[in-house]
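Have a look at the picture first, then read on.

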Amino acid sequence: MTEADTCRTFVVPALYAGGWTDDQIAEQHYFTDGRLIVVGRGSRRGKRKFADYLLRYAPDLPIAVVEAKASYKRATDGLEQAKEYARILGVPFAYATNGPEIVEYDDLTNLTTHVAGYASPEA
C-alpha cells in the first residue's frame, strides 16, 4: 500500500472519526517555496516542503501536522519529519502514521506516544 493509499484508506477516515472536519484539515499543505539553487547566471527552486496534513482548530490556529508513510513502513519512520515540520510551522503536535499505527509527539511535554486515534480538535 502506497503513501497515497494510506492517506485515503486510513488517515482521512481516522481524522473524521476524531472529530475533524474538512474545513479543519488541509491536505498537502505547502509551507516553503523550495531551496534557491544557483545555476550559472540564473537560479531555480528546489523541491517545496509540505505537510501531508495540517490540522487547524480554527482557520487562523494551526495545531498539528500529520506525516503519512506507506503501510509497509513503520509509523515512526515519519516522526522526525513530522516533528521538523511542526517546529517550522510553530504547532505543538506532530503525528506520524503508516495507517494502522499512529504516533503522537507533544512538543509541550516532549512526550512521544503510540495512540489509537487522533485527538479531537477540542482535546
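Start with Lys69, which is buried at a relative accessible area of 12%. Here, buried means under 20% relative accessible area, exposed means over 50%, and partly exposed covers what lies in between (1.4 Å probe, protein chains only). Before going further, note that this is a predicted model: local features need pLDDT of at least 70, side-chain atom pairs count only at pLDDT 80 or more, and totals for chains, interfaces and linings use all residues. Residues are numbered from 1 along each chain as its sequence is written, and side-chain values use heavy atoms, with hydrogens and water left out.

So what does the side chain of Lys69 meet? Its partner in a salt bridge is Glu67, at 3.4 Å from N to O. A salt bridge, by the rule used here, is a side-chain nitrogen of Lys or Arg within 4 Å of a carboxyl oxygen of Asp or Glu. The general idea is that side chains of opposite charge can pair when their charged atoms come close. Glu67 is buried too, with a relative accessible area of 3%.

How many salt bridges does the rule give? The count is three. Another of them joins Asp77 to Arg74, with the closest N and O atoms 3.0 Å apart. Asp77 is partly exposed, at 35% relative accessibility, and Arg74 is exposed, at 54%.

Next comes the pair Lys83 and Glu80, whose closest N and O atoms are 3.3 Å apart in a salt bridge. Both residues sit in helix 2 (residues 79-89), three residues apart, which is about one turn of the helix. Lys83 is buried, with a relative accessible area of 12%, while Glu80 is exposed, at 52%.

Now zoom out to the whole chain. The protein has two helices and eight strands; these are DSSP runs numbered from the N terminus, with helices being H or I of at least four residues and strands being E of at least two. In sequence order, the pattern reads α-β-β-β-β-β-α-β-β-β.

How much of the protein is buried? Of its 123 residues, 39% are. The protein exposes about 7200 Å², and carbon and sulfur atoms supply 51% of that; accessible areas come from the Shrake-Rupley method with a 1.4 Å probe, and for residues only the protein chains shown count as cover.

Finally, take the contacts, meaning heavy atoms within 4.5 Å. Among contacts between residues at least 6 apart in sequence, 48% join residues at least 24 apart.
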